[in-house]
Amino acid sequence: MRIGLPTAETLQGGSLKALLLTVLLSLFMFQLLRTVGLRAFSMASETYTSGTHSAAFVTCPNDTVARDLARGIVEKKLAACVNIVPAIKSIYEWQGKIEEDNEVLLMIKTRSSKVPALAEYVRSNHPYEVAEVISLPIDQGNPPYLKWIGDIVPE
């Protein structure tokens, strides 16, 4: 009795093709499973302290103001990333009247310790008399992304 893979002579044409296809698929699946496993291990092995980072929100009157603020915030390392969300509708009370305006929203990812400096920067560079700067602590998220925020924004 012989143990091992059959030789090409003992295989029919279709069986040889099936064996080669199985071997090739196994090699591709190994690489795919290895990549998925490494990513899962990376996400599971990194730790994050809840509240270390925050998501802050600022409304702007238009895209130009939003871009200028966003660029300044990132350049000054007050945040790692600022998303500009166009075309929001804001309804609010101001000076005793109900107002309705088209605005642009900034979603800002930063360290919680940087929120006071971020708020000061926005107040100093925003055209509104009272600029919105609110933040929420990030409870959890993708550990590599949260690490990236920490790497970009110094203490």
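A polar contact is a pair of N or O atoms within 3.5 Å; within protein, one atom must be able to donate a hydrogen and the other to accept it, and residues adjacent in sequence count only if both atoms are side-chain atoms. In this predicted model, local features need pLDDT of at least 70 and side-chain atom pairs count only at pLDDT 80 or more, while totals for chains, interfaces and linings use all residues. Residues are numbered from 1 along each chain as its sequence is written, and side-chain values use heavy atoms, with hydrogens and water left out.

**Overall architecture**

- The protein chain has four helices and four strands, where helices (H or I, at least four residues) and strands (E, at least two) are DSSP runs numbered from the N terminus.
- The order of these elements along the sequence is α-β-α-β-β-α-β-α.
- Of the 155 residues of the protein chain, 27% count as buried; buried means under 20% relative accessible area, exposed means over 50%, and partly exposed lies in between (1.4 Å probe, protein chains only).
- The protein chain exposes about 10700 Å², and carbon and sulfur atoms supply 61% of that area; accessible areas come from the Shrake-Rupley method with a 1.4 Å probe, and for residues only the protein chains shown count as cover.
- Among contacts with a separation of 6 or more, 74% are between residues 24 or more positions apart; contact means heavy atoms within 4.5 Å.

**Nonpolar cores**

- A nonpolar core is a set of buried Ala, Val, Leu, Ile, Met, Phe, Trp, Tyr and Cys residues joined through side-chain atoms within 4.5 Å.
- The largest nonpolar core has 18 residues, and those with the most contacts inside it are Cys60, Ile73, Val82, Leu106, Ile108 and Leu118.
- Two or more residues of this core come from each of β1 (53–60), α2, β3 and α3 (115–125), and α2 supplies the largest share, five residues.
- A second, separate core has five residues, including Ala80, Ile138, Ile149 and Val153.
- Neighbours within four places in sequence aside, Leu106 is in contact with Ala56, Phe57, Val58, Cys60, Ala66, Leu69, Ala70, Val82, Asn83 and Ile84.

- His126 is placed in the loop between α3 and β4 (134–137), and at 8% relative accessibility it counts as buried.
- A polar atom of the His126 side chain lies 2.8 Å from the backbone oxygen of Thr59.
- Not counting residues up to four places away in sequence, His126 touches Val58, Thr59, Cys60, Pro61, Leu69 and Ala131.
- His53 is placed in strand β1 and is buried, with a relative accessible area of 4%.
- With residues up to four places away in sequence not counted, the residues that His53 touches include Tyr48, Thr110, Leu136, Ile138, Leu146, Ile149 and Gly150.

- Pro143, Leu146, Ile149 and Gly150 are buried in α4.
- Seen down the axis of α4, its buried residues fall within an arc of 120°, so they line one face of the helix; the arc is that of the directions from the helix axis to the C-beta atoms.
- The structure holds one aromatic pair; rings of Phe, Tyr and Trp (its six-membered ring) pair if their centres lie within 6.5 Å, and planes under 30 degrees apart count as stacked, over 60 as edge-to-face and the rest as tilted.
- The pair consists of Tyr145 and Trp148, with a tilted geometry of 5.4 Å centre to centre and 40° between the planes.
- Because Tyr145 and Trp148 are three residues apart in helix α4 (residues 143–152), they are separated by about one helical turn.
- Tyr145 is partly exposed at a relative accessible area of 31%, and Trp148 is partly exposed at 33%.

**Backbone features in loops**

- Most residues other than glycine have a negative phi.
- Lys77, in the loop between α2 (63–75) and β2 (81–94), has a positive phi near 60° and is partly exposed, with a relative accessible area of 41%.
- Gln95, in the loop between β2 and β3 (97–111), has a positive phi near 50° and counts as exposed at 64% relative accessibility.
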